[in-house]
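Please read the following report alongside the sequence and the three-dimensional structure.

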Amino acid sequence: MLTWHDARHLEPGQFAAYEKGLWARALSGEAVLGFARLARCALVGAFEDPHRALRLSYIGDRFPIVRRRTGGGSLSLDPDTLMVVLAFPMGRHSAVEPAALMSVLCAPLLAAIRALDVDAAFTAPNDLVVAGRKVASAFLSRADGVILFEAALPLALDIEELLKTLRLPLEKLSAQGILAARQRYAPLRALVPGLATGALRALIATKMAQALGLHARREPPPSPALEGALVKESRPPPDVAAFLKTPGGVLYLDAWLDPKAAVREARLTGAVACLDPNLFLRLETSLVSTHVTGLEAALTEALGATKPDIIGVESADIAYLGHLCAARFLIGRELGLGAATQISTFSPNRNEPIDAILASIDAVLLPYCAKPTWCKWRHRDGCPECGRCEVGEAYTLARGRQLDVTTITNFEHLRAVLADLKKSGKRAFLGVCCTDFFLKRDYAFVEAGIPAVFLDIAGDTCYTLRQEEEAYAGRFEAEAFMDARLLGRLLDWRDRLTTLGNDDLKGGKQSTTLLPEAD
Ligand code: SF4
Ligand code: SF4
């Protein structure tokens, strides 16, 4: 029997207790399905860092932030979104691959939507779409013999509120951004005018029951829990942090270190569909007391040979975060910086040490947004080094070393420059760009396959000002700050390494200055 109910309207703080109640019933062998609508809130995924996923400055005291049990991306919710929550004993679904399980459990939801004459389809990893526009998103968790499947089904959607709430790596709040975002969603009432939600709920319950081989039976809604669980997190910035874009989403590793650079506390986060609710906590715990340079090995050991229960993320990806953290730590130590969070590396060969990449740098790419808005060179490649901005200093530093230096003026220009670098056999480049750009457009760098060291820019970026549409077209009108002194220190380090000789470095040996200090 699949017992189902309509919980109607819940306060956001009641959602955790509501999920817990359904989970507990599944633990005792019941299959239970609930529908709920939450008052205005941000619902963060089980493993998401609200600081990275949400625009906290906008949310402020406007509405609460709550966390759900399932992984995946955060949601901007209001009562116009129908939340579907299904909990059942996992039985034959215990060994199904996570990606396949998502598709299997989305199938009855899809069947219900298609029964409304809507030509929807499942698209991996977790969406239902109509002609490429999102109708619903689904999320999963499984542990202790229970599967929890959740789906958010917007009946109507306030796109502007959504874009103000979430830090989506996609369209933003420019007029074009809102238009583009609108094209990416298809709220159900727009597809089915006059939609009867009562009938929809009954239809979903019937299809879900059929998929599980059960009969559907309606029950009265459970009494809502009184206790509230709101997300309130504030902690100091990490001493070292790294991120990695994977097919399953962006993963972050933050670590807080003791004076000997051993981990006091670690935190793995991301909008990833990790089905195992305990995996990240187990990995974080395994890192405590590990020297920062041993994070990769510690993660590899803790992960073991079992494939992690995550969609689109491999064990090697998680372990590589440890490598990236160590690289940033070593860069920070070499340059006398704290966390070196401004510097990232990319290499098609994950084993390539940071100093091998640095020693190979023979080109520098700078963003036009760091040039002053009044400079007539802002939207052109080149700079006569008039001495009135940091970009000019960067040109001096690069040209003094006979490095190729280019101002990137828009996205197409970047792709053309990367293709030229590749064609002319450049070994690596030093690129200046904001992290958001790197995360969103990393495929351009992956395609080019040239190792790179990236220096982040500070100040207003077109992402914080929500103007990236303009930025890609070269029309961003605010100024980002580029730290030319730090760029100079990176190039000085490159010079020292170049005199050391690349061969030693390519062989995997790191310069002695980079070896971890003895405890
Ligand atoms: S140094 Fe170059 S980029 Fe900066 S203001 Fe002068 S000409 Fe413009
Ligand atoms: S995305 Fe915007 S802020 Fe970031 S580097 Fe490009 S132009 Fe500058």
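## Basis of the model

This is a predicted model, in which local features need pLDDT of at least 70 and side-chain atom pairs count only at pLDDT 80 or more, whereas totals for chains, interfaces and linings use all residues. Residues are numbered from 1 along each chain as its sequence is written, chains are lettered from A and ligands numbered from 1 in the order in which they are written, and side-chain values use heavy atoms, with hydrogens and water left out.

Helices (H or I, at least four residues) and strands (E, at least two) are DSSP runs, numbered from the N terminus.

Strand E6 (residues 81–89) runs antiparallel to strand E2 (residues 31–38), to which five bridges join it, and Val85 of E6 is the bridge partner of Gly34. Nine bridges join E6 to strand E10 (residues 146–154), again antiparallel, with Ala87 opposite Leu148 of E10. Strand E9 (residues 133–143) pairs with E10 in the antiparallel sense over seven bridges, and Ala143 has Val146 of E10 as its bridge partner.

## Burial of strand E6

Eight of the nine residues of E6 are buried, buried meaning under 20% relative accessible area, exposed over 50% and partly exposed in between, with a 1.4 Å probe and protein chains only. Thr81, which lies in E6, has a relative accessible area of 3% and is therefore buried. Leaving aside neighbours within four places in sequence, Thr81 is in contact (heavy atoms within 4.5 Å) with Ala36, Arg37, Ala152, Leu153, Pro154 and Leu155.

## Helices

The expected span of a helix is 1.5 Å times one less than its number of residues, so the 13 residues of H1 should span 18 Å, in agreement with the 18 Å between its end C-alpha atoms. Buried residues of H1 include Phe15, Tyr18, Leu22 and Trp23, and just after this helix Gly29 takes a positive phi of about 105°.

The axes of helix H4 (residues 98–114) and helix H8 (residues 197–211) come within 8 Å and cross at roughly 140°. The contact is made by Leu105, Pro108, Leu109, Ala111 and Ala112 of H4 and by Leu203, Ile204, Lys207, Met208 and Ala211 of H8.

## The three-stranded sheet

A further open sheet has three strands in the order E12-E13-E14, with antiparallel pairing, and its edge strands are E12 (240–246) and E14 (263–270). Neighbouring strands here are turned by 15° against each other on average, direction ignored. Strand E13 (residues 249–257) pairs with E14 over seven bridges, Tyr252 standing opposite Thr269 of E14. Helix H9 (residues 279–287) lies across E13 and E14, running at about 155° to E14.

## Cysteines

The structure holds zero disulfides, a disulfide being a pair of cysteine sulfur atoms within 2.5 Å. Cys274 is buried, with a relative accessible area of 1%, and Cys375 is also buried, at 19%.

Definitions and conventions:
Pairing = 2+ DSSP bridges. Axes fitted to C-alpha atoms, helices over the stretch in contact; angles between N-to-C directions.
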